[in-house]
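Me: I have a model open here and would like to understand the words used for it. Could you take me through them?

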Amino acid sequence: MTDTKHTLVALVEDKPGVLNRVASLFRRRSFNIESLAVGGSEHPGLSRMTIVAIGDSAQVEQVRKQLEKLINVVKVSDITEEDMVTRELALIKVKATASTRSEIMQIVNIFRANIVDVSPGSLTVEVTGDEGKVNSLLGLLRDFGVKEVSRTGRIALTRGSSS
Amino acid sequence: MKKTGAQILCESLIKEGVEVIFGILGGAVLPLYDTFPQYPQLRHILVRHEQGAAHAADGYARATHKAGVCVATSGPGATNLVTGIACAYMDSAPMIAITGQVARPVIGKDAFQETDITGITIPITKHNYLVTDVAELAKTVKEAFHIAQTGRPGPVLIDIPRDVQQEQTDFVYPDKIDLPGYKVISRGHPAQIKKAAKLINEAEQPVIIAGRGIIISQAYDEFKEFAEKAQLPVAHTLLGLGSFPGNHILDLGMMGMHGTGCANMAVQNADLLIAIGMRFDDRATANTTEFAPNARIIHIDIDPAEIGKNVPVDIPVVGDIKSVLTALNKEIERREHVDWLSQIEQWRYEYPSLEIRQSDELLPQYIIHQIYEATQGNALVVTGVGQNQMFAARYFTYTKPNSFISAGGLAPMGFELPAAMGVKIGRPEELVWCVAGDGGFQMTIQELATITQENIAVKIAIMNNGYLGMVRQWQELFYGRRYVDTKLWNPDFIKIAEAYDISGVRVKHREEVIPAIQKAMESPGAFLIDFLIEPEENIYPIVPPGESLARFFEPSRTELWGEKF
């Protein structure tokens, strides 16, 4: 079986140490996390985690079941095969001079990204999209000199009315 | 009326039916210990090391099917519990470990005897808690017992800061539990049970692999009916011994690295394996890629995460074994499997795994067999880890349910003595034999003091070969007989026993074995026998590491019996 990226979505209790329990489980069972994003959900007291894990289907199914065993984890779904919406937010600080600034702003506009900070030597760009879009923009901006990048990692929901 | 955290804890334990606590005190649990005299119904057993408390609670739990409770102070007290907690976790024993923690204002300040024990025990507990508000304490205890004792059992740790033990609040013990993330699947899916039954009904060469889950579920009667109705031979994992009568015609004994030739051959040649309450541990399966190559596999277990973890499975049935077997017994047909069972009898004859070789030396196999003869199986046997454990597993016939108590997963040497204490306290009416190795015995030897102080009548049989025996055997067979650091200088165990006010005898010769065992059993209290066994005796068969189950080797009958055979 081949290793692929899997998107796991977990509803977890909003209690101290839950992130540690989840991260510890990945480490202990030798599973790789590519990204992990966590924040509030529609249920009071529950957070939603989006975990991108790399492995073959059997390994990821095993980690999903191990996660479900954690007492503070209410539900875990592997939505990789489902129709889903995924987004990532990135902040990119790029070198900008009087001669490059307008070119950068054109690129940013094409990507429907925003400039959120301007200084004499740099611009900070905010971009939202799937990883492909973020990677493309980042690739183009690298030519100008990227000073700092901060990415949230993927968050995901399945499409349609089912929950 | 307001109560302190310590009082709330004691009253909550009583509500959960706790009668015995194994522990040792220290600064961070002083408020708790200070309230013990108010609750005489809680018997506290003062151990000599926290590892002893944890193994004793584990032994108690395995023998009684109730959560064993152990208590330790913060820092070193808590870290000393870790081996025992990890052991209970690996073998699915229900345990409540209560640790004191430094007072809330100094948590995180590296205070005296502060350790992040909840952080440390995340991977070795089913769940754990740091109680930072006394109002949460009763609810926490309620949840902890529920989690520890239901589904696949396991240890739960509750860490309680000293000042929370002293703080006061109203005591209300909740009757309901709200754990949205905790689900126990107790009944197997009917469609899966039907599919399993179909495979069983069609099988020509079926074998059951019986694990500890049958014992945890106390499904002895259902299991016996299941095996007998369809005439399914039963191989055991180490911890599955005691789930089915060892003297039954369908019983094949233990499979695995040191399993009987007959059990291993049956498993490897089966066309259907019915794995019940076991987790395909590498010591049971040997090389998994060559494991049972022609068999389809039905796996019955309460833990969904065990399905497909180590070995691919054809028909999983997730549920409580008692409930699943009850349903399955209605679906399966009576079968006879005459050819298959006669093939198995052929292997039973062909591989002399249970025969004891002719020797003038004192052999551990003979000793264990004589303990069986003397007790007629009517005893609970608690073992250490290593050769002594394998001899005890193989040469005692476990006819009584749950009569074999041993640490299989973590396998910590030193389990035997404290666990035997816990077993005896949990089942005082039973005769409890503690089978120890001379190496492991010295890892928790201090509990002899607990045994005397609390008058715990366990019978201790040390298989004293002057080596770390199992490691020596590996050095002999796989490391060119280079005995690096396995030879032990040992103290005089009889003098040690005497110093602890325990009677004992040393046995050097074969003819002294039976009288010594009789003397131990007639002695009203604890008794120690130091058996000076043949130093380089090996446990056979053995499957070399990395090989398939079928590639075991053992001495032939001629080698066992010399010219007489």
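Reply: Let's begin with contact: two residues are in contact if their C-beta atoms, placed from the backbone, lie within 7 Å. This is a predicted model, in which local features need pLDDT of at least 70, side-chain atom pairs count only at pLDDT 80 or more, and totals for chains, interfaces and linings use all residues. Residues are numbered from 1 along each chain as its sequence is written, with chains lettered from A and ligands numbered from 1 in the order in which they are written.

Me: What makes helix 2 of chain A run at about 165° to strand 4?

Reply: Helices (H or I, at least four residues) and strands (E, at least two) are DSSP runs, numbered from the N terminus. Axes are lines fitted to C-alpha atoms, for helices over the stretch in contact, and angles run from 0 to 180 degrees between N-to-C directions. Helix 2 (residues 57-69) lies across strands 1, 3 and 4 of chain A, and about 165° is its angle to strand 4.

Me: Why are strand 1 and strand 3 of chain A said to pair?

Reply: Two strands pair if DSSP finds at least two bridges between them. Strand 1 (residues 4-13) and strand 3 (residues 46-55) of chain A have ten bridges, in the antiparallel sense, so they pair. In strand 3 of chain A, R48(A) stands opposite L11(A).

Me: Which strands of the chain A sheet are the edge strands?

Reply: The open sheet has four antiparallel strands in the order 2-3-1-4. Strand 2 (32-40) and strand 4 (73-78) of chain A are the edges, as each pairs on one side only.
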